[in-house]
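Let us take a walk through a protein model together, one region at a time.

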Amino acid sequence: MTGPVLLLDGASLWFRAYYALPESFTAKDGRPVNAVRGFTDMVASLITRYQPARLVVCLDLDWRPQFRVDLVPSYKAHRVAAEIDAGPDVEEVPDTLTPQVDMIMDVLAAAGIATAGAVGFEADDVLGTLAARERDDTVVVVSGDRDLLQVASDHPVPVRVLYVGRGLAKAELFGPAEVAEKYGVPADRPGPGYAELALLRGDPSDGLPGVKGVGEKTASTLLLQYGSVAALRAAVDDPGSGLAKGVRAKLAASSDYLDAALPVVRVAVDAPVELSGPDHLPSTPRDPARLADLAEELNIGTSISRLTAAMGSR
């Protein structure tokens with residue numbers, strides 16, 4: 001069977017499912033299952049659309065890795081619900097979503113859909129590493145996180161990013177050319193260029209300050225003119241570079257941040273990823289009896305039927 005490798009950003013998708021559907025979708029015992037239902041429907045839709053031979057749901061084993069916090073202490077600090085000395089901090093997550101993640105894991109296991117994670121790394125890094133490892137098939141990365149746009153590539157295999165930040169119905173598919181065109185980064189290095197764009201403009205949702213006074217448009221203009229952050233920083237120290245005095249001052253004032261933050265915004269491609277099992281997507285559920293029980297218990301029979309039909313249609 002031929003088809004792309006589909007890599008799904010698990011948390012990104014189930015957060016979107018949670019907020020897209022009302023909590024009036026409940027299990028027989030009254031527990032909300034809106035995220036389970038929405039996530040399962042999204043997986044079914046993606047399988048139908050892309051007909052993947054292999055599929056992996058990638059997980060955050062550490063949503064705020066220590067190596068990133070050591071470099072930029074503000075990284076995701078505003079989303080910490082509780083600090084844990086011996087492990088990852090607890091992320092602020094809606095109380096009714098947390099139990100649904102375990103339900104989703106049960107559905108994936110019964111269906112035979114592989115999951116993957118890496119200790120000390122985020123799902124972004126798992127996605128980036130699996131995409132970078134691939135040597136045989138086209139890869140489609142599905143996420144609502146724009147940071148993943150930096151993994152779009154043509155070599156050694158095509159890697160495309162389906163950005164679902166506005167929902168699956170309005171999803172946009174990005175290759176390197178689309179990333180360069182939409183975000184105004186150098187066409188000869190769109191992946192690294194996008195990471196450097198994010199570095200310069202910052203990202204309040206991740207607690208990254210960026211260079212004060214440099215927004216996305218200015219960051220794009222500077223990268224297109226100088227080619228890279230390294231060349232831009234060299235221009236700060238070169239009076240003949242033509243760099244505007246105001247921009248020079250802003251970059252100089254953010255020198256410490258620029259020294260530290262590039263590894264924070266870059267998606268890792270060498271994380272120690274472990275899979276729950278083979279990533280081959282079966283045409284029938286691994287444990288049909290358990291999946292039927294979950295469909296009944298969680299009152300998600302329609303969603304489970306869509307998932308099994310999508311798996312079988314391949």
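Predicted model: local features only at pLDDT ≥ 70, side-chain atom pairs only at ≥ 80, totals over all residues.

Helices (H or I, at least four residues) and strands (E, at least two) are DSSP runs, numbered from the N terminus. Residues are numbered from 1 along each chain as its sequence is written, and side-chain values use heavy atoms, with hydrogens and water left out.

Let us stay with N299 for a moment. Most residues other than glycine have a negative phi, and most peptide bonds are trans. N299 is not a glycine, yet its phi is positive, at about 60°. Leaving aside neighbours within four places in sequence, N299 is in contact (heavy atoms within 4.5 Å) with T26, A27, K28, R37 and L294. N299 and G227 are 72 residues apart in sequence, and their C-alpha atoms are 54 Å apart in space.

Now look at the helices on either side of that loop. Two packed helices are described by the angle between their axes and the distance between the axes. Here axes are lines fitted to C-alpha atoms, for helices over the stretch in contact, and angles run from 0 to 180 degrees between N-to-C directions. Helix α12 (residues 288-298) packs with helix α4 (residues 98-111) at an angle of about 150°, their axes being 8 Å apart. The two are therefore roughly antiparallel, since angles over 145 degrees count as roughly antiparallel, under 35 as roughly parallel, 65 to 115 as roughly perpendicular and the rest as oblique. From α4, the residues M103, D106, V107, A110 and A111 make the contact, and from α12 it is R290, L291, L294 and L298. They divide into seven nonpolar, no polar and two charged. In this sorting, Ala, Val, Leu, Ile, Met, Phe, Trp, Tyr, Cys and Pro count as nonpolar, Asp, Glu, Lys and Arg as charged, and the others, Gly among them, as polar.

R37, T40, D41, V43, A44, I47 and T48 of α2 meet S303, I304, R306, L307, A310 and M311 of α13. This contact has seven nonpolar, three polar and three charged residues.

Next, find helix α7 (residues 190-201), which has twelve residues. Eleven of its twelve residues are buried, among them Y194, L197 and L200. What covers them includes α6 (176-183), α8 (216-226), α9 (229-236), α10 (245-253) and α11 (255-265). Just after α7, G202 has a positive phi of about 80°.

K76 lies between α3 (66-71) and β3 (80-82), and has a positive phi of about 55° although it is not a glycine. K76 is buried, with a relative accessible area of 7%. In the loop between β6 (139-143) and β7 (159-163) sits P156, joined to H155 by a cis peptide bond with omega about 0°.

How values were computed. Expected span 1.5 Å × (residues − 1). Buried < 20%, exposed > 50% of the residue type's maximum accessible area, 1.4 Å probe, protein only.
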